[in-house]
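Thanks for coming. I will walk through one structure this morning, starting with the overall layout and then going into a few places. Please keep the picture in view while I talk.

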Amino acid sequence: MAAQPTQAVGPPGHHHFYYYYRALSSDNVKGLLLALSSSAFIGASFIIKKKGLKKAGESGLAAGNGGYSYLYEPLWWAGMIAMILGEAANFAAYAFAPAILVTPLGAVSIIISATLAHMILQERLHIFGMLGCVLCIVGSTTIVLHAPQERAIGSVTEVWELATEPGFLCYALIVTALTLVLIFYFVPRYGQTHILVYVGVCSLVGSLTVMSVRALGIALKLTFSGVNQLVYLQTWVFAVIVATCVVTQINYLNKALDTFNTAVVSPIYYVMFTSLTIVASVIMFKDWAGQNATQIVTEMCGFITILSGTFLLHKTKDMVDTAGFLPIGSNGITKHADKEDGFALEEMPLSFHDSCHNQV
């Protein structure tokens, strides 16, 4: 249930700030802090790993040429540890806050990576890239201030009841059917030529991944607080669903990245994955129940603002990376234009599982 405005003492206009402060429940604040810390760790990890790759490439066969000398580079492992910590924090964030708050904040990692790349790697951040960062911050702030309250759940069986309601069952069946059609019909015929085929599989499965991760996270949170949920079969069912969805998602994300330019895959994947995740969360967890039309429209405007900022960041980054190599106006999408200094450029993660393809 959405927080209700309370009578506040203070100067005119003070009660508006007080309303938003009260609207951020303790669980939402925990989820927010975990999501932001996740973005910080993941955003920094890509810069650290890239430094490690460059250093390893100076003394051995570069990763882009099939080498694995980076496995002996401590700097690369430091980046991997930062990424693991970031993914763990993001997993925990879903146990405290609704997906409509946590998922879009993945864009913050782009800002951190772009800023650190500008400062540490001397990779020029275009003026429009800076504007993209500002838009991401504004959009994220808008969503945070208007995010719905986390639903109070006392048992994993309650989550199971939500997951087996007709509305979400219909969504899950539609997603499963579309995924199977894409995998068995469209992938063999159009996977190598149409980017939406691989990305579509990743995004559809990804929305179910987040719902399962959120359910499993809630179960673990309750267990750690003293209410053991490991005795319920539903907890293990959600764990199996998470494992199955993650493996499928990573498999087809890697196919997309191996076939198309990362700078093209990432923003498309972010838009589709985040949109479907929000839809799934609204259906399953009733995130918008108790919110008025103004709050919902404001959240959507914040999301669109983040998408605009993400587009600007990737578009200007692509222009800078290809300067001097592709003619003006060229917009090829094959991945081979994505090389620099003998190894593949690592792209910034945009969601809970977008960074998994870089684990090796």
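Helices here are DSSP runs of H or I with at least four residues, strands are runs of E with at least two, and both are numbered from the N terminus.

Before going on, a word on the source. This is a predicted model, where local features need pLDDT of at least 70 and side-chain atom pairs count only at pLDDT 80 or more, while totals for chains, interfaces and linings use all residues. Residues are numbered from 1 along each chain as its sequence is written, and side-chain values use heavy atoms, with hydrogens and water left out.

Now the layout. The protein has 12 helices and 2 strands. Reading from the N terminus, the order is α-α-α-α-α-α-α-α-α-α-α-α-β-β. I will call a residue buried under 20% relative accessible area, exposed over 50%, and partly exposed in between, using a 1.4 Å probe and protein chains only. By that rule 50% of the 360 residues count as buried. Contact means heavy atoms within 4.5 Å. Among contacts with a separation of 6 or more, 82% are between residues 24 or more positions apart.

Back to A40. With a relative accessible area of 33%, A40 is partly exposed.

Next, helix α5, residues 108-120. The expected span of a helix is 1.5 Å times one less than its number of residues. For the 13 residues of α5 that gives 18 Å, and the end C-alpha atoms are 18 Å apart, which agrees. Buried in α5 are V108, S109, I110, I111, S113, A114 and A117. After α5 comes Q122, with a positive phi near 55 degrees.

Helix α6, residues 127-146, gets the same check: its 20 residues should span 28 Å, and its end C-alpha atoms are 29 Å apart, which agrees. Its buried residues include G129, C133, C136 and I143.

How do α3 and α9 cross? The axes, which are lines fitted to C-alpha atoms over the stretch in contact, with angles from 0 to 180 degrees between N-to-C directions, come within 7 Å and cross at roughly 80 degrees. Angles under 35 degrees count as roughly parallel, over 145 as roughly antiparallel, 65 to 115 as roughly perpendicular, and the rest as oblique. So α3 and α9 are roughly perpendicular to each other. On the α3 side the contact is made by F91, Y94, A95 and F96, and the α9 side includes V210, R214 and K221.

Now the interior. A nonpolar core is a set of buried Ala, Val, Leu, Ile, Met, Phe, Trp, Tyr and Cys residues joined through side-chain atoms within 4.5 Å. The largest one has 73 residues, and those with the most contacts inside it are V159, F168, M211, V265, M284 and F285. Helix α9 gives the largest share of this core, 17 residues. Leaving aside neighbours within four places in sequence, M284 is in contact with V159, L162, A163, F168 and M211.

Last stop, K286, in the loop between α11 (262-285) and α12 (293-321). K286 has a positive phi of about 55 degrees although it is not a glycine. At a relative accessible area of 29%, K286 is partly exposed.
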